[in-house]
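Here is a short tour of one protein model.

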Amino acid sequence: MSHKNVPMVPRVIFGRGCFNQLSEILSPKRLNIKAPFIFIVDDVFKGKSWLASRIPLSYDDEIIYVSVNEEPKTEQVDELVEHIILTTNERPSGIIGIGGGTILDLAKAVSIMLTNKGDTSDYQGWDLVINSAIYHVGIPTISGTGAEVSRTTVLTGPKLKLGINSDFTPFDQVVLDPELTKNVPKTQWFYTGMDCYIHCIESLNSTYLNTFSQSYGEKAFDLCKEIFVDNKLSIKDAQDKLMMASWHGGMSIAYSQVGVAHAMSYGLSFLLGTKHGIGNCIVFNQLKAFYPEGVKLFKEMLDIHNIELPKGICADLSDDQFDIMITVALSMEPLWENAIGKDWRKSITKQKLKDLYKKM
Ligand code: NAD
Ligand code: ZN
């Protein structure tokens with residue numbers, strides 16, 4: 001058996017206020033004064049001086065504000081790359097993503113596409129990237145996805161929703177400042193936080209489970225319970241702990257894989273544009289047969305935090321539309337193999353998935 005040799009983020013800084021050290025972190029990485037740093041920032045921060053005014057700009061550095069109403073697309077990456085090439089004198093010194101999973105994924109993808117030819121969609125898959133990316137930094141402002149540690153960047157392309165999975169994808173530097181998450185709206189906090197919880201459940205109840213994944217997954221699971229079930233932490237402690245839960249959850253999947261909720265949520269997202277966090281919650285809520293304990297606790301958390309999940313999102317779909325979702329979900333073969341085992345095809349039928357989607 002050959003073992004995976006996974007890349008990790010080589011540098012990480014953690015702590016409230018550590019965002020203020022960004023300038024000293026970036027300065028040594030500036031190639032020359034004509035090679036700018038490009039900051040890709042969630043446009044929710046536009047005009048929010050508590051954050052925007054602390055982004056250290058010098059020389060030709062630029063902030064590009066990006067709306068995250070939709071999940072990142074390969075075309076959007078192509079456009080950003082073209083913009084950067086057209087507006088800079090030299091290849092940038094680095095790309096810095098400041099935002100949630102959407103922005104972090106865009107920043108990773110742009111840093112790869114600045115050194116690799118062709119279209120972004122050419123690289124969706126596993127280990128297709130040829131040249132190393134330019135220096136890239138991830139600064140999460142909401143916790144849960146684990147995108148800050150992962151070796152993938154999930155993108156919707158013309159044909160597929162699939163990540164650029166490569167050893168060049170992980171950030172060179174991550175800045176974990178829990179204070180940046182202070183204004184996350186409550187429902188979004190819950191949905192993105194549950195992405196982390198679901199990562200733990202899928203990783204800990206999987207056939208790929210091993211001690212590496214388990215040790216990170218159990219820690220992340222315990223942190224999630226403290227935050228979302230015990231619900232007694234101060235706001236600051238809860239922010240600190242969720243940021244670390246996200247990190248550990250991401251590390252756990254790095255050495256295993258996600259499972260049924262993610263496979264089916266990809267289907268929803270591809271057809272209906274349902275966003276990752278909420279989509280995972282809508283699917284996971286129906287997965288009692290696969291993850292009985294995890295779903296039970298999830299329903300308790302919904303109650304504790306008064307979260308009402310949308311209902312009937314598949315109510316008016318045609319058979320063709322169900323087929324599209326089912327095809328996308330079933331194409332995530334490693335996820336099913338991880339969740340069910342090598343002979344997953346025997347028990348996971350199209351009809352079974354259709355019955356589940358109909359409940360959502
Ligand atoms: P997001 O980036 O889509 O943001 C969700 C919402 O929260 C947005 O409206 C955003 O503006 C807002 N927001 C973020 N930070 C805020 C703050 N500090 N204050 C106020 N509002 C804030 O959410 P997400 O759940 O972090 O990311 C989802 C994306 O992550 C999906 O595209 C998914 O595919 C991707 N993802 C990637 C990986 C990976 O390993 N690469 C893993 C899981 C998910
Ligand atoms: Zn996820």
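In which loop is Gly47 found? Gly47 sits in the loop between strand 2 and helix 2 (49-52), where helices (H or I, at least four residues) and strands (E, at least two) are DSSP runs, numbered from the N terminus. Gly47 counts as exposed because its relative accessibility is 72%; buried means under 20% relative accessible area, exposed over 50%, and partly exposed in between (1.4 Å probe, protein chains only). Its C-alpha atom is separated by 31 Å from that of Gly157, 110 residues apart along the chain.

A word on conventions: this is a predicted model, in which local features need pLDDT of at least 70 and side-chain atom pairs count only at pLDDT 80 or more, while totals for chains, interfaces and linings use all residues. Residues are numbered from 1 along each chain as its sequence is written, chains are lettered from A and ligands numbered from 1 in the order in which they are written, and side-chain values use heavy atoms, with hydrogens and water left out.

Let us begin with an open sheet of six strands, in the order 1-9-6-4-2-3 and with parallel pairing; two strands pair if DSSP finds at least two bridges between them. Strand 1 (11-14) and strand 3 (62-66) are at the edges with a single partner strand each, so one side of each has no neighbour in the sheet. From one strand to the next, the twist averages 15°. Within this sheet, strand 6 (residues 136-140) and strand 9 (residues 173-176) run parallel and are joined by two bridges, with Gly138 opposite Val174.

Axes are lines fitted to C-alpha atoms, for helices over the stretch in contact, and angles run from 0 to 180 degrees between N-to-C directions.

| Helix | Strands | Angle |
|---|---|---|
| Helix 3 (residues 74-87) | lies across strand 2 (37-42), strand 3 and strand 4 (94-99) | about 160° to strand 3 |
| Helix 7 (residues 235-254) | touches strand 1, strand 6 and strand 9 | about 150° with strand 9 |

There is also an open sheet of three strands, ordered 5-8-7 with mixed pairing. Strand 7 pairs with strand 8 (residues 161-165) in the antiparallel sense over three bridges, and Val154 has Gly163 as its bridge partner in strand 8.

**The zinc site**

Which residues coordinate the zinc ion (ligand 2)? They are Asp195 (OD), His199 (NE2), His262 (NE2) and His276 (NE2), at 2.1 to 2.2 Å. Donors are N, O and S atoms within 2.8 Å of the metal (3.2 Å for Na, K and Ca); water is not among the atoms, so sites may look incomplete. The angles among the four donor atoms are 87 to 169°, and the site is irregular. Asp195 in helix 5 (residues 186-204) and His276 in helix 9 (residues 276-284) are 81 residues apart, a pair that links distant parts of the chain. Asp195 is buried because its relative accessibility is 0%.

**The cores**

A nonpolar core is a set of buried Ala, Val, Leu, Ile, Met, Phe, Trp, Tyr and Cys residues joined through side-chain atoms within 4.5 Å. The largest has 58 residues, and those with the most contacts inside it include Tyr197 and Trp336. Helix 5 gives this core its largest share, eight residues. Another core, of 34 residues, lies apart from it, with Val9 and Ile40 among its members.

Technical notes
Contact means heavy atoms within 4.5 Å. Four donors count as tetrahedral if all angles lie between 85 and 135 degrees; four count as square planar and six as octahedral if opposite donors are over 155 degrees apart and all others between 65 and 115; anything else is irregular.
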